[in-house]
Protein chains: 2
Amino acid sequence: MGRVLPLDGCVGGDSQSQRVALVRASVPDDAEAGMLAELFRLLGDVRRTKILYALLEAGELCVCDISAAVQVPEASVSQTMRLLRASGVVGNRREGRRVYYRLADAHVRMLLDVCREHTGHEGSR
Amino acid sequence: MGRVLPLDGCVGGDSQSQRVALVRASVPDDAEAGMLAELFRLLGDVRRTKILYALLEAGELCVCDISAAVQVPEASVSQTMRLLRASGVVGNRREGRRVYYRLADAHVRMLLDVCREHTGHEGSR
DNA sequence: ACGTTATCTGAAGATCCGCGCAGATGAGGA
DNA sequence: TCCTCATCTGCGCGGATCTTCAGATAACGT
């Protein structure tokens, strides 16, 4: 992995380096950063993004509905849902032979909302 | 790419399919989903995540400070910043031979905040 | 109990992407 | 102008990931 020798770089010496020390202390550690990155990574895929926004709109959808909504083969949807469920981004409920998926919690919903604003899209909700 | 033949799947016929049609209409198209996914993807990496949270804390940092804060070689940081800047996640300002980076806008900041809550961390903000 | 429908799983292939190194570029200071 | 410092860029490798196919599993209706 990368060397980060504390060679007397530009980090100067006084106020700067103190400030940096403070920042370093508040930066998420590997464990937390890992969780955060993991969550973002899951959203960082066109297919998953579409599915999640579909769920944001619909509230709850079964695999075949999702497949129809985002135009993706059911097997692929299923595979994707497994990933999302494993990471707690979505929850599911079984009803007969159907399995209905939904966004896991309000945070995820808010996340999706905030992000859609960022791309300059006016929410429909 | 995947075939999505509209075979008379489970999508049933009546209320269900109508609902699905509505959802399909509101699902972001490839263009928008692409942008959203791209943004999330950029955040979906431990190193980048750390850097972004460092910027969230510090407000503004130069490459070498970032390097010190997240313990990553400067060249790597530089490379990473290029990515983030190209996608408009961060902005930069040059001062002498230093280049200071900062989070691009309030949306990104909010995004980071919301997400940190999700992982069960009490914000320091 | 049987066939059908809806969903899940496992594996293999192809692709993509980040990482770090080494050298180039730009900005100051003497 | 020469030298040093901060940052940037091009390249190649290693690794991780998405995709899809094909078969397995679970739930129903008859």
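Me: Where does helix 3 of chain A lie relative to the strands of chain A, and at what angle does helix 3 run to strand 3?

Reply: In this predicted model, helix 3 of chain A lies across strand 1, strand 2 and strand 3 of chain A, and its direction is at about 90° to that of strand 3.

Me: In what order do the strands of that sheet in chain A stand, and is the pairing parallel or antiparallel?

Reply: The sheet of chain A is an open one, built from three strands in the order 1-3-2 with antiparallel pairing. Strand 1 (61-62) and strand 2 (90-95) are the edge strands, and each has a single partner strand, so one side of each has no neighbour in the sheet.

Me: What does the corresponding pair of strands in chain B look like, and which residue stands opposite B:G91?

Reply: In chain B, strand 2 (residues 90-95) and strand 3 run antiparallel and are joined by six bridges. B:G91 stands opposite B:R102 of strand 3. This hairpin also has two residues between its strands, and B:G96 takes a positive phi near 65°.

Me: How many helices and strands are there in chain A, and in what pattern do they follow one another?

Reply: Chain A has six helices and three strands, which along the sequence give the pattern α-α-α-β-α-α-β-β-α. Of its 125 residues, 37% count as buried. Among the contacts in chain A between residues at least 6 apart in sequence, 41% join residues at least 24 apart.

Me: What rotation and what shift superpose chain A on chain B?

Reply: In general, two copies of a chain are related by a rotation about an axis and a shift along it. Here a rotation of 180° with a shift of 0.0 Å along the axis superposes chain A on chain B, with an RMSD of 0.1 Å. The two copies are therefore related as by a two-fold rotation axis. Both copies use the same surface, since 100% of the contact residues of chain A recur in chain B.

Me: How many residues of each chain are in contact with the other, and which helix of chain A gives the most?

Reply: The contact involves 54 residues of chain A and 55 residues of chain B. On the side of chain A that touches chain B, helix 1 (15-26), helix 2, helix 3 (46-58), helix 4 (63-70) and helix 6 each supply at least two residues. Helix 2 gives the most, with eleven residues. Sorted by class, this side of chain A has 28 nonpolar, 14 polar and twelve charged residues.

Me: Is A:A37 buried or exposed, and which residues of chain B does A:A37 touch?

Reply: A:A37 is found in helix 2 of chain A, and A:A37 is buried because 23 other C-beta atoms lie within 10 Å, the cut-off for a buried residue being 20 or more. Among residues beyond four places away in sequence, A:A37 touches B:G44, B:D45, B:V46 and B:T49. A:A37 and A:L84 are 47 residues apart in sequence, and their C-alpha atoms are 14 Å apart in space.

Me: Which residues of helix 6 of chain B are buried, and against which elements do they pack?

Reply: An α-helix has 3.6 residues a turn, so residues three or four places apart point the same way. In helix 6 of chain B the buried residues are B:V108, B:L111, B:L112, B:V114, B:C115, B:R116 and B:H118. The buried residues of this helix pack against helix 2 (30-43) and helix 6 (106-118) of chain A, and also against helix 3 (46-58) and strand 3 (98-103) of chain B. As for its length, the 13 residues of helix 6 of chain B should span 18 Å at 1.5 Å a residue, and the end C-alpha atoms are 18 Å apart, which agrees.

How values were computed. Residues numbered from 1 in each chain as written. Chains lettered and ligands numbered in written order. Predicted model: local features only at pLDDT ≥ 70, side-chain atom pairs only at ≥ 80, totals over all residues. Helix = DSSP H or I, 4+ residues; strand = E, 2+ residues; numbered from the N terminus. Expected span 1.5 Å × (residues − 1). Buried ≥ 20, exposed ≤ 12 C-beta atoms within 10 Å, placed from the backbone. Contact = placed C-beta atoms within 7 Å. Nonpolar A, V, L, I, M, F, W, Y, C, P; charged D, E, K, R; others polar. Least-squares fit on C-alpha atoms with pLDDT ≥ 70 in both. Pairing = 2+ DSSP bridges. Axes fitted to C-alpha atoms, helices over the stretch in contact; angles between N-to-C directions.
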